[in-house]
Amino acid sequence: MSGTAGNTEPELPPPHQKAVDAIDAGDYAAAEAAYLEALNEKPNDHDAQVGVYQVRLLSRTQNLDLNTSRELAAQNPQEIAAQLDVADLDLIGGHVEDAFARLVSLISKLADDDRERVRRRLIELYAVVGNNDPRVAASRQKLARVLF
């Protein structure tokens, strides 16, 4: 059989393609803008929403050093930004359960606006991993126990 029929990926909607091209170029701000454009056109575009979260994750971690971030977080266990950085790096490094556990534990020690800030980040990370992933389901149960 000749040709490439059957081997081609489906064509992405223009804003999604623009986002992918921007990611490939390392321009995370442009990628986020493209995904937000897609959400503006179609507010229930799940792929675009996840794309926004993925690009934000890439952007947040692009200049972080893992060892420095871990050391800072270990020295400052109540420092929210440091804990968020390590959770992001853990997720990118494939340590999904560690990232989730870190944030659930942090949420259990916080109140009000700080708690909500960390909870929102955790929800973003759940979406990046995939809401059907069993690690997300397990973490959501732990989060519910901490919140209620």
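Helices here are DSSP runs of H or I with at least four residues, strands are runs of E with at least two, and both are numbered from the N terminus. What I am showing is a predicted model, in which local features need a pLDDT of at least 70 and side-chain atom pairs count only at pLDDT 80 or more, whereas totals for chains, interfaces and linings use all residues. Residues are numbered from 1 along each chain as its sequence is written, and side-chain values use heavy atoms, with hydrogens and water left out.

Let me begin with the overall picture. The protein has eight helices and zero strands, and its C-alpha atoms fill a box of roughly 60 × 35 × 35 Å along the principal axes. Of its 148 residues, 34% count as buried, where buried means under 20% relative accessible area, exposed means over 50%, and partly exposed lies in between, with a 1.4 Å probe and protein chains only.

Leaving aside residues up to four places away in sequence, glutamine 83 touches Ala73, Asn76, Pro77, Arg102, Leu103 and Leu106, a contact being heavy atoms within 4.5 Å.

Next, the helix packing. Helix 3, residues 46–61, and helix 7, residues 112–129, pack at an angle of about 110 degrees with their axes 9 Å apart, the axes being lines fitted to C-alpha atoms over the stretch in contact, and the angles running from 0 to 180 degrees between N-to-C directions. That makes helix 3 roughly perpendicular to helix 7, given that 65 to 115 degrees counts as roughly perpendicular, under 35 as roughly parallel, over 145 as roughly antiparallel, and the rest as oblique. The contact involves, among others, Val50, Tyr53 and Leu57 of helix 3 and Arg121, Glu124 and Leu125 of helix 7.

Helix 7 also packs against helix 8, residues 134–147, at an angle of about 165 degrees, with the axes 10 Å apart. Helix 7 is therefore roughly antiparallel to helix 8. Residues making this contact include Leu122, Ile123 and Tyr126 of helix 7, together with Val136, Leu143 and Val146 of helix 8. By class, the contact of helix 7 with helix 8 has eight nonpolar, one polar and four charged residues, where Ala, Val, Leu, Ile, Met, Phe, Trp, Tyr, Cys and Pro count as nonpolar, Asp, Glu, Lys and Arg as charged, and the others, Gly among them, as polar.
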